[in-house]
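Here is a short briefing for a first look at this protein. Take in the sequence and the model, then read on.

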Amino acid sequence: MKTRFRTLLLAFALLPVLAQAGDIRRHVGDGMASYYSNEFAGSRTASGERFDPAAFTAAHRSLAFDSRVAVTNLANGKEVIVRVNDRGPWGKGRIIDISYAAAREIGMHRSGTARVKLELLD
């Protein structure tokens, strides 16, 4: 019984990874990313949901809401998958704003910005 439970638990733990294994990636740009300050926590995004700094979300000027985007930090190769739920960034020269949680994942939470590659996941 314990072995069966562990097997089921492992299968559910790997489910998100397996679901993304077959994703088709389309390069949508390279440029500078920044991240949202925690002071925006709870504010409404352009999609109508509340901003959560702990969620893996992003603002992009033109990608459809709920699009999944792989954001790769070109300095260290670390990648995070975010969901677009807001519009922006409005800072000069920026191509995407990501949440604090996503920034930590790719190692840009201290510098505040990073040169990144964006790939749309289908």
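The secondary structure of the protein chain comes to two helices and six strands. Along the sequence they follow the pattern α-β-β-β-β-β-α-β. The model is predicted.

**Overall build**
- The protein chain has 122 residues, and 36% of them count as buried.
- Among contacts with a separation of 6 or more, 73% join residues 24 or more positions apart.

**Nonpolar core**
- In soluble globular proteins, nonpolar side chains tend to be buried together.
- Here, the largest nonpolar core holds 18 residues.
- Val69, Val71, Val82, Ile96, Ile98 and Val116 have the most contacts inside this core.
- Two or more core residues come from each of strand 3 (68-73), strand 4 (79-86), strand 5, helix 2 (100-105) and strand 6 (113-121).
- Strand 6 gives the most, with four residues.

**Largest pocket**
- The largest pocket has a volume of about 190 Å³.
- Its lining has 14 residues, and Tyr35, Tyr36, Phe40, Asp86 and Asp97 are the closest to its centre.
- Strand 1 (25-35) and strand 5 (94-98) each supply at least two lining residues.
- By class, the lining has six nonpolar, four polar and four charged residues.

Conventions. Residues are numbered from 1 along each chain as its sequence is written. This is a predicted model: local features need pLDDT of at least 70, side-chain atom pairs count only at pLDDT 80 or more; totals for chains, interfaces and linings use all residues. Side-chain values use heavy atoms; hydrogens and water are left out. On a 1 Å grid over the protein atoms alone, a cavity is a set of points where a 1.4 Å probe fits but cannot get out, and a pocket is an open set with protein on both sides within 12 Å along at least five of seven lines; lining residues have an atom within 4 Å of a point. Grid points are joined across faces, edges and corners, and a volume is the space filled by probe spheres set on the points. Ala, Val, Leu, Ile, Met, Phe, Trp, Tyr, Cys and Pro count as nonpolar, Asp, Glu, Lys and Arg as charged, and the others, Gly among them, as polar. Buried means under 20% relative accessible area, exposed over 50%, partly exposed in between (1.4 Å probe, protein chains only). Contact means heavy atoms within 4.5 Å. A nonpolar core is a set of buried Ala, Val, Leu, Ile, Met, Phe, Trp, Tyr and Cys residues joined through side-chain atoms within 4.5 Å.
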